[in-house]
Every structure is written in C-alpha cells, then in structure tokens.
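Hello! Please read them with the model open beside you.

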Amino acid sequence: MNISSGVCSIPYRSQSFNTIAAIFIFLLSSVSMAGNGLVLLSFATCSHLRIQKGSFFVANLAISDFLCSVYVMLPCILCLIHNSYCVTGVACRVHAVVNSTFFTCSNMSIAAINIDRAIAVNRPFEYRNLVTSFRVKIVIAYIWFHCLCLASIAGFADWVSFVDWELMCTPEWSKENSAYAITAATLSFFLPSFLLLVSNISIVYAIRKSRIVVFQNRTIAGGNGHQLGIKSNTKTLRSLYFLVLAHFICVPSYYITKIGSAIIGKNIIIDGFCLAPVGLLFTAAAINPFIYALLRKDHRQAFLNTLQMVFDKFKATYTYLFGNSMKEME
C-alpha cells in the first residue's frame, strides 16, 4: 500500500520543491553526522565520560542518530534528486528494516537516558549499585534487539513499501496488518514516550521536594573513583528538559501521521507540508548531540576538548604537508 496524494506523490512534486527539500535534508544530515560524530569521538577519547554509566546511553543515541544520517537521510536525498523510487525489491525490505531500527533505537535511547537520570535523582545513594556497567550493557543490547526484531517482522512478512511522504521504504501500518501496526506503534513510539514522561514526572516531583538534588558525580581528579556530589538541579537537568522538548516537538508528528494514514487509508497531510513530519524527525537526529554539548558541563568540556584535538591534528598535518606558510610570508 503506497499512501500518497497531491504534491506528496512523486509524479506531482515539482523539481524546485525536490531541490529545496534535498538541500534541507543534506544540511540536516551534515549537521547530524558532524555533531553525533563529535559526541562519539568525545566518548572515545575522554575517560571521564566512560566512567559515567549514563554516558553510554548518550553514546548509543549518537550511534543511532549518526547511522540514521548516513543510511536514511542520504538515500532520501537521492530519491528527491531523481524524483523516483530509488530502492525496490529485497533492497527495499532491507532498507525498511534499517530505517525502522534506527528510528526506534533513537527513541528507546532517549527513554533510557531519562530513566537513568530519574534513578540518579530519586535513588542517589543506591545509584552506583543499581546502574552498573553490566546492566547498562544489557539494556543497550536489549534496545538493539528490541528494535531489530520489531523491524524485521515487517521485512520477513513483506509488509514494506516505498511511501512518498516518508521518502523511503518503510514498514506498512494498515488495517490489513492491524495487529502488527498496533504493536509497532506501541513499542516504537508510545512505550518510549511513556517511559520518558514517567521518568521526568518523577524528576519534577523530586525537584519540588528539594531545591537541590543529590546524584552520582565523578569529582576526584586522576580518575579512579566516584563520590556523591550536590549540584543545582536547574543546571544539572536543563539539558534533559531540552532533549524532552525537542523529542515531543520533532518526533510525534511522524508517528501520528503514519498512524492516522493507516487508520483512514489515505494520506492525511495537507498538500505542501508532506515532508514536514519526516523533516522534523530528521531534525531531532541533528539537534540531539548539540543539546548535550551545549547544556551539560561534562559533555560540553569533552566536546570542546575534542574540537581542540581535531584542530591541532589538522594544523599539524597541514604544517607537515605545506610548512608554516604564514610565518614564511612574514
């Protein structure tokens, strides 16, 4: 089932419309690859981030968003440029499974980040025992298993098709496979969003009980241990709230459109706004890393250190290849 109508259908889209959309998605893809790539590089090079167990969920979110920018956004750009279905047959099935896996993994990773922060705020003295390296790895492994299995069902059952307004092959949600559609909608969107909301409600409740919260924080220089620290809840948790706000602005429109189109049996998007849901979904992947880089002190410092390291490496390579041309000119 290929649900489309009006300008949302490939034959009706003008070349100028496709060009503008392709440039926009290319910019989002570039920003997403750069931002998430720097987050992963920071995680790999900064030992203090790897000591914080919750940072593994941030890295997992960066992985899913980075892969989305490469394997999802770039093929969408090709589709817009050629104004045709770029993937068919078995390749379409594989691409649909990959797309769905990355989208769901991003949602589940955001939920895991929020749950981790809720535990840190509500159970500060038990945090080290509750959130261990082994349990974090188990949760991350489950997230990928959860997402891959959910997407693979549609692939094996051939419930996939190229959807014009999504610009990609995607699992079908329709009345014909209503059981799968309900399960997929629940596990890929409603469950992560519910966990996200519950976690933040518990955090808000804890904040209302006290002006400051106690949480696990690494403060010992040299890097061998942890100690309990106390910090202002406003500065500590504001990045979390921005991430939640970005999630509920950018993500629901895609899933609501997908669910509504499945129920009604036709595209429910107003002509001219057909790429808005998928554009907002891609925007979330692009802005997530910068929310952490700009609003969390530990990630911001690691981000800046990584940028400095990259700049120094580039400068050293340039000097090795071309010499110090500026000094020579002087």
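1. Helix α6 (residues 133–157) and helix α7 (residues 178–209) have axes that come within 11 Å and cross at roughly 160°. That makes α6 roughly antiparallel to α7 (angles over 145 degrees count as such). Their crossing is left-handed. The contact (heavy atoms within 4.5 Å) involves His146, Leu150, Ala151, Ile153 and Ala154 of α6, with Tyr180, Thr183, Ala184, Leu187 and Ser188 of α7.

2. A caution on the source: this is a predicted model, where local features need pLDDT of at least 70, side-chain atom pairs count only at pLDDT 80 or more, and totals for chains, interfaces and linings use all residues. Residues are numbered from 1 along each chain as its sequence is written, and side-chain values use heavy atoms, leaving out hydrogens and water.

3. Helix α4 (residues 89–122) also packs with α7, at an angle of about 20° and with the axes 8 Å apart. The two are therefore roughly parallel (under 35 degrees). Among the residues in contact are Asn107 and Arg117 of α4 and Pro192 and Ser199 of α7.

4. Which residues touch the most other members of the largest nonpolar core? They are Phe103, Leu167, Trp173 and Phe282, out of 45 residues. Such a core joins buried residues (under 20% relative accessible area, 1.4 Å probe) through side-chain atoms within 4.5 Å. Helix α3 (residues 55–82) gives the largest share, 7 residues.

5. A second, separate core has 24 residues, including Val39, Cys147, Leu243 and Ile291.

Methods. Axes are lines fitted to C-alpha atoms, for helices over the stretch in contact, and angles run from 0 to 180 degrees between N-to-C directions. Helices (H or I, at least four residues) and strands (E, at least two) are DSSP runs, numbered from the N terminus. Angles under 35 degrees count as roughly parallel, over 145 as roughly antiparallel, 65 to 115 as roughly perpendicular and the rest as oblique. A crossing is left-handed if the near helix is turned anticlockwise from the far one by less than a right angle, and right-handed if clockwise. Buried means under 20% relative accessible area, exposed over 50%, partly exposed in between (1.4 Å probe, protein chains only).
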